[in-house]
Amino acid sequence: MAQIGPEIAENKHNNSISNKLKWSERMALTLMQRHPQSYMIDDAKVAHWSYVHGLVMYAFQELDKQKKNGKYEAYIKQYADELIDADGNIKTFKLDSYNIDNIPGGRILFDLYAKTKDKCYLTAMQTLRTQLEKQPRTPSGGFWHKQIYPNQMWLDGLYMGEPFYAQYTATFEKGAKFDDIAKQFELIQLHATDLKTGLLYHAWDESRQMPWANKETGNSPNFWSRSIGWYVMALVDVLDYFPKNHPKRKELIKYLNNVSTALVKFQDKSGMWYQVTDMGGREGNYLESSGTSMFAYAFAKGVNKGYLPKEFKKAANKAFDALTTISMKIDSNGEIELTNACAVAGLGGNPYRDGSYEYYINERKKNNDPKATGPFILAALELNR
């Protein structure tokens with residue numbers, strides 16, 4: 001296992017993080033100094049296989065592609081090696097929970113396998129692919145979000161499952177499953193889009209059985225910015241793998257344009273977006289940093305890849321300016337902290353989450369929540385900031 005702790009600890013005592021560095025590195029170095037072992041991200045006391053680690057480690061991987069800095073690469077590998085044994089078993093992973101949140105950690109394994117040729121990474125990827133193969137589906141073919149949430153598709157789940165699925169099928173299956181991947185987006189686009197605003201509801205229950213589900217549409221009652229953030233990030237990341245001549249590629253680009261156009265209308269004059277996307281003036285709503293970071297990343301990457309018109313880069317830079325001023329704290333050591341990130345939000349479960357406006361605005365907030373820091377690094381890279 002890569003030994004990173006002493007180097008970082010020494011750095012913490014002797015060197016502050018320079019404000020001359022780009023924001024992407026300032027955030028990465030902050031996380032490494034506060035969490036010397038990569039499994040400690042999100043203040044974890046013990047190592048566990050988690051989508052939040054998968055998201056942040058993916059951001060580190062993209063940073064490392066630009067910086068080619070061995071310490072970033074070692075930090076990523078450390079997480080994988082803490083959780084994956086020599087036989088490729090993933091510790092804490094339970095296949096039979098069919099939790100689509102378990103998939104994103106696999107995204108860092110493609111590069112690790114390509115670089116090391118260590119079969120343990122391939123075996124772990126194959127395990128995650130097996131989960132997707134067996135994942136329960138709604139009657140129309142959409143992945144359930146979890147075994148415990150039958151017939152429900154959540155916007156979050158599109159990011160959790162599809163980028164890994166797309167890279168896997170492109171790498172190992174000659175793209176055999178691109179139609180199935182496109183189908184997941186088609187279902188959400190068809191059923192979860194609000195025709196009036198163009199925004200997407202957090203979740204869709206095809207069975208319409210959940211108390212939070214609209215009895216006619218099956219949709220949850222509100223627009224949560226981070227859930228839409230997961231969706232637009234899923235689109236720009238999946239498009240990395242769709243061949244230009246694939247018949248569904250144009251459809252996915254159209255979905256990205258539609259929702260991005262809708263989102264810009266709700267961007268606050270500050271540059272940020274509110275926790276409940278369409279209710280900026282309502283009491284209790286707040287400017288939220290994870291959704292804002294996700295939109296900045298998706299817009300910037302969308303423009304850079306030619307999927308979105310250039311004006312979306314302006315919206316992304318405006319959002320990033322707000323994140324680095326309104327939402328940012330910087331301590332005496334140069335470590336940076338994104339404030340006003342919603343720590344968690346979901347639907348159903350126990351205690352029951354009803355998807356109401358009051359529910360979303362009252363969920364706890366957490367500084368440097370990984371659902372904000374990962375997308376912040378990715379946005380900084382796309383904006384070269």
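Helix H3 (51-67), helix H11 (289-304) and helix H14 (370-383) each supply at least two residues of the lining of the second largest pocket; helices here are DSSP runs of H or I with at least four residues, numbered from the N terminus. H3 gives the most to this lining, with four residues. Sorted by type, that comes to four nonpolar, one polar and six charged (Ala, Val, Leu, Ile, Met, Phe, Trp, Tyr, Cys and Pro count as nonpolar, Asp, Glu, Lys and Arg as charged, and the others, Gly among them, as polar). The space in this second largest pocket is about 160 Å³.

This is a predicted model, in which local features need pLDDT of at least 70 and side-chain atom pairs count only at pLDDT 80 or more, while totals for chains, interfaces and linings use all residues. Residues are numbered from 1 along each chain as its sequence is written, and side-chain values use heavy atoms, with hydrogens and water left out.

The largest pocket holds about 420 Å³ of space. A pocket is an open set of points on a 1 Å grid over the protein atoms alone, where a 1.4 Å probe fits, with protein on both sides within 12 Å along at least five of seven lines; lining residues have an atom within 4 Å of a point. Points are joined across faces, edges and corners, and the volume is the space filled by probe spheres set on them. Of the 25 lining residues, Tyr51, Asp101, Lys146, Val344 and Lys371 sit closest to the centre of the largest pocket. H3 turns up here too, giving the most to the lining with three residues. The largest pocket's lining splits into ten nonpolar, eight polar and seven charged residues.

As for packing, the largest nonpolar core has 115 residues, of which Phe60, Leu109 and Phe185 touch the most other members. Such a core is a set of buried Ala, Val, Leu, Ile, Met, Phe, Trp, Tyr and Cys residues joined through side-chain atoms within 4.5 Å. Beyond four places in sequence, Leu109 is in contact (heavy atoms within 4.5 Å) with Trp49, Ala80, Ile84, Tyr121, Ala124 and Met125.

Asp43 belongs to the loop between helix H2 (23-34) and H3. Asp43 counts as partly exposed because its relative accessibility is 44% (buried is under 20%, exposed over 50%, partly exposed in between, with a 1.4 Å probe and protein chains only). Sequence neighbours within four places aside, Asp43 is in contact with His35 and Lys366.
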